Amino acid sequence: MIIRWICEKCNKKWIYPVEKCVYCKGNITKQRGTKLKVAGITKVFIPSPMHPIIPYNILLLQDEFGNRLPKKTMKDYKVGDSYVEEKAKTDDAVSIVKVKYDTYEAIKDAVGLLKGNKLEGDDKVLIKASIVTAAYPYQAVNNNPDFLSALLNVLFDYGIRKESIMVAEQALIGSDSLDAASKSGILDVCKKHNVGFADISKGPFEEVESEGLKFKIFKEALNRKVINCPIMKTNFQIGISGAVENLSRLVDEQTQREMYFDDIDKTLPKLVKLLSGSIELITIADATNGMQGQGPLSLGEPAFLNLILASKNAAALDAAFCEATMLDIPPHVANSSNTGYIDAKNIEIVGNELDALKYHIKAPAPNDTAHPDIKVIDGKACPACLNMLYNLSSKLVGLRGQQINLVIGSAITDTMLKEKERLVALGDCAIRKLESLEARPTAKICENMDEIEQILLLKKLLVTAGIPKITPVDKVKTKMKKLLSRVMG
Amino acid sequence: MFIKGVGMTEFGVQQDSTSHMVYESALESLDDANMSMEEIDAIVLSNNDILSNGERQRHSASVISSLFKKKVPIITMLAGCAGGGTALWTAVKLQSSGNYNNILVIGFEKIVANVNKKVTDEILMGTERIYEQSEGLNFPAENALVMQQYMLMHGATSDDFASVAYKNHQNAFLNPKARFYNTKVSLEDIKNSPIVASPLRLFDCSIPANGAAALILSKDETDIKVLGSAEGSDYIAPFEREDMTSWDATKLAAGEAYKQAGITPSDIDIAELHDAFTSVELISYEDLGFCKKGKGKEIIRKGITSINGKLPVNTSGGLKAKGHPISATGISQIYELAKQMRNECGKRQVDNIKYAMAQNIGGAGSTVAVHILKKVN
């Protein structure tokens with residue numbers, strides 16, 4: 001489809017959405033060209049960072065109104081050929097659509113390309129948003145407010161009533177959901193569209209058992225059609241936070257902790273399979289401004305991907321995203337498929353071809369923190385410990401010293417600890433695990449330890465070559481700091 | 001307004017700092033004008049702040065202030081590949097305001113300083129970001145689509161475009177400042193060069209280069225008068241224009257420049273045109289009024305724009321073979337024309353020049369500066 005924004009009075013055309021004509025102040029309407037023909041074609045043999053795979057073709061498409069548009073493809077066409085956007089033939093297909101200045105059209109297009117009826121007027125819908133921590137939209141940690149606004153407009157177009165829509169999310173353990181929803185701009189969008197926002201952490205939950213695990217699932221999610229809306233991000237711990245990971249926050253805090261304790265790569269896929277089998281689930285992923293690098297809590301940075309992905313199969317969508325961004329498909333995604341293995345070549349892709357989309361985004365470095373001397377050995381820690389890790393390490397940036405290895409989570413093995421020195425167990429799971437492995441950490445930091453004491457201990461570890469000791473003077477200083485911080489608010 | 005002095009570095013892959021290249025070209029222009037920096041009372045620059053060359057230097061105006069120890073007004077003009085011509089157009093407007101006697105105009109760029117794909121990406125940023133960049137429509141691809149439409153509409157052939165490249169390479173062979181100086185390129189080399197973006201071959205594309213070019217625009221009467229100076233614009237993406245094969249920005253700028261000069265296209269004796277791609281030179285013949293629409297191929301087939309033809313075009317070698325250091329290109333065109341008008345071009349000298357034209361394009365016909373110079377006795 002080719003869209004032009006046209007002035008109703010003077011017929012001036014724009015390739016961008018504009019509100020009003022700057023000449024005659026006339027209203028603007030969209031002109032949608034759907035009968036596309038190939039008016040020109042070039043085969044390109046020079047690579048660039050965003051287009052590393054060559055050769056590729058660029059078609060010059062022309063619609064019934066004479067409007068033109070370039071389109072990258074790996075397929076061969078001839079001048080004069082018709083160009084038809086094929087719809088999905090299978091239920092597990094993934095549609096990938098580029099946003100051409102208009103997120104609303106891209107979402108509509110992405111959903112429209114999927115097989116069968118997806119969303120209808122009588123639906124009661126739960127939008128499982130992605131709002132993990134309090135951050136501004138430009139930081140690309142949470143759903144872009146423009147994405148949610150466009151999605152709501154699409155749902156209204158389908159005839160779904162405002163009162164039938166609930167936007168729901170809980171921030172990562174340790175973060176306040178309403179704060180996060182407010183700072184991200186999502187709450188404002190809900191208010192603007194008169195749609196309710198629910199903090200999932202407040203429940204109620206319903207316990208459902210599957211494959212020997214008990215999941216306390218947000219009750220509303222079991223009674224509604226769920227639109228899973230991850231913002232596509234890299235994640236230092238599990239590779240990517242995408243469609244599969246976004247579903248992990250449909251369960252209560254205790255279940256989340258247990259899922260991480262029992263190895264999130266194995267437990268999360270069980271939840272995903274349970275949900276897929278018991279509720280109607282469609283993922284519409286926000287990859288407008290995604291994230292690359294370390295992920296939401298650390299040094300991640302926006303990736304201006306400008307994509308919308310949609311699928312009824314969350315794992316297939318994640319796998320397609322990994323393939324497009326040239327990242328490895330992580331275990332929690334592969335395990336979420338029925339076979340425990342995903343080959344992106346076997347996924348039906350509509351909208352854009354994967355090879356035509358592919359370029360490298362920055363992959364996460366699994367052992368790095370914001371501090372150059374503080375490394376991580378991650379045993380799939382829960383979000384609470386991850387939060388603690390990033391809080392502590394970022395507060396010590398600027399204080400250089402001896403390298404230390406913070407050990408977090410319970411999925412620690414002897415191999416992971418091999419040849420690693422100055423281990424510091426962070427969090428109760430890691431402390432217990434190191435004890436069971438008979439490893440002797442240089443220090444232990446419990447979860448219930450005061451934050452100022454945690455920082456003091458880490459400081460000492462950085463600046464002391466051997467095993468640091470907390471002296472009575474240190475304790476007095478800590479108490480003074482605590483007092484001061486209370487007085488200062 | 002008059003051109004009092006010109007200077008330029010060699011266009012090539014030298015890794016001098018941009019400051020060094022700027023200094024070298026400015027010094028040559030001052031020597032050419034028999035002037036000192038003392039007499040310069042404003043400076044107009046053009047440069048693209050290329051990120052991939054390792055210099056990481058923004059705010060060129062203040063760098064130039066340090067370099068020349070000058071505290072006069074210094075302004076920077078950005079217009080993609082039309083930066084040099086646009087800087088000159090700005091200087092002409094500035095001088096016509098009455099306050100500045102001698103304006104130094106400099107275009108400079110260091111772009112060949114990284115691997116090809118980084119340089120490609122750097123240049124790609126000059127195309128429209130959502131429809132073009134995200135679809136991999138870099139400048140060669142964009143111009144390939146224009147070229148293909150031109151071929152379909154007007155029956156031009158690949159051989160016509162190869163002839164443009166061959167002509168310009170022959171000229172560059174004679175130009176000591178050209179990147180292809182003294183380098184033989186045969187018609188067979190051109191026709192057999194690899195496809196870059198079909199139907200464009202490698203030798204249909206201009207060659208990136210590093211370099212700087214400077215001129216002094218003065219109120220003092222010299223032998224070269226600026227008779228016309230005009231600027232035109234068009235939408236960024238050729239696909240959104242009514243006709244992809246005829247560029248309004250050139251037609252608008254040329255129309256205005258002819259009007260200012262009081263001459264017609266047939267009066268032009270020599271021209272430096274923006275042959276970023278061979279197809280652009282052919283289209284420009286038409287847009288500048290040297291022939292009717294669709295007849296550009298006839299001009300090259302008849303040899304009219306060869307060095308011995310009726311209207312020699314790109315005697316310097318053009319962007320094609322002299323090299324294309326983005327913002328320096330527009331000023332280097334004036335350098336060539338000034339040298340030609342002063343009979344200082346040796347083996348590539350053209351006789352009896354009265355009127356000369358420079359056409360400098362940014363993007364695929366998005367910004368165009370056209371200048372007409374007159375030889376004054």
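The structure is a predicted model, in which local features need pLDDT of at least 70 and side-chain atom pairs count only at pLDDT 80 or more, while totals for chains, interfaces and linings use all residues. Residues are numbered from 1 along each chain as its sequence is written, chains are lettered from A and ligands numbered from 1 in the order in which they are written, and side-chain values use heavy atoms, with hydrogens and water left out.

We begin with the interface. Chain B brings 33 residues to the contact and chain A brings 32 residues, where contact means heavy atoms within 4.5 Å. The size of an interface is often given as the accessible area lost when the parts come together. Here the area buried between chain B and chain A is about 2700 Å², with carbon and sulfur atoms giving 59% of that area; buried area is the accessible area (1.4 Å probe) that two parts lose on being put together, summed over both. On the side of chain B, the residues that lose the most area to chain A are Tyr131(B), Glu135(B) and Phe239(B), which together make up 28% of what that side buries.

Glu135(B) also takes part in a salt bridge, its partner being Lys98(A), with the closest N and O atoms 3.2 Å apart. The count of salt bridges between chain B and chain A is two, a salt bridge being a side-chain nitrogen of Lys or Arg within 4 Å of a carboxyl oxygen of Asp or Glu. Across the same interface of chain B and chain A, 17 residue pairs are in polar contact, both residues being at pLDDT 80 or more; a polar contact is a pair of N or O atoms within 3.5 Å, where within protein one must be able to donate a hydrogen and the other to accept it, and residues adjacent in sequence count only if both atoms are side-chain atoms. Helix H4 (116-124), helix H5 (139-154) and strand S5 (195-197) of chain B each give two or more residues to the side of chain B that touches chain A, and H5(B) gives the largest share, seven residues. Helices (H or I, at least four residues) and strands (E, at least two) are DSSP runs, numbered from the N terminus.

The largest cavity holds about 360 Å³ of space, and among its 23 lining residues Met1(A), Leu69(A), Lys98(A), Lys100(A) and Asp109(A) lie nearest its centre. On a 1 Å grid over the protein atoms alone, a cavity is a set of points where a 1.4 Å probe fits but cannot get out, whereas a pocket is an open set with protein on both sides within 12 Å along at least five of seven lines, and lining residues have an atom within 4 Å of a point. Grid points are joined across faces, edges and corners, and a volume is the space filled by probe spheres set on the points. S1(A) gives the most to the lining of this largest cavity, with four residues.

The largest pocket has a volume of about 1200 Å³, and of the 45 residues that line this pocket, Met50(A), Ala303(A), Phe304(A), Leu305(A) and Tyr359(A) lie nearest its centre. The second largest pocket has a volume of about 840 Å³; of its 37 lining residues, Ile123(B), Pro140(B), Cys205(B), Ser206(B) and Pro208(B) are the closest to its centre. H4, H5 and S5 of chain B give two or more residues to the lining of this second largest pocket, and H4(B) gives the most, with six residues.

Some backbone details remain. Most residues other than glycine have a negative phi, and most peptide bonds are trans. The peptide bond from Gly203(A) to Pro204(A) is cis, with omega near 5 degrees, and Pro204(A) lies in the loop between strand S11 (196-199) and strand S12 (205-210) of chain A. In chain B, a cis peptide bond joins Ser198(B) and Pro199(B), with omega about 5 degrees. Glu438(A) has a positive phi, near 55 degrees, and is found in the loop between helix H14 (428-436) and strand S24 (443-445) of chain A.
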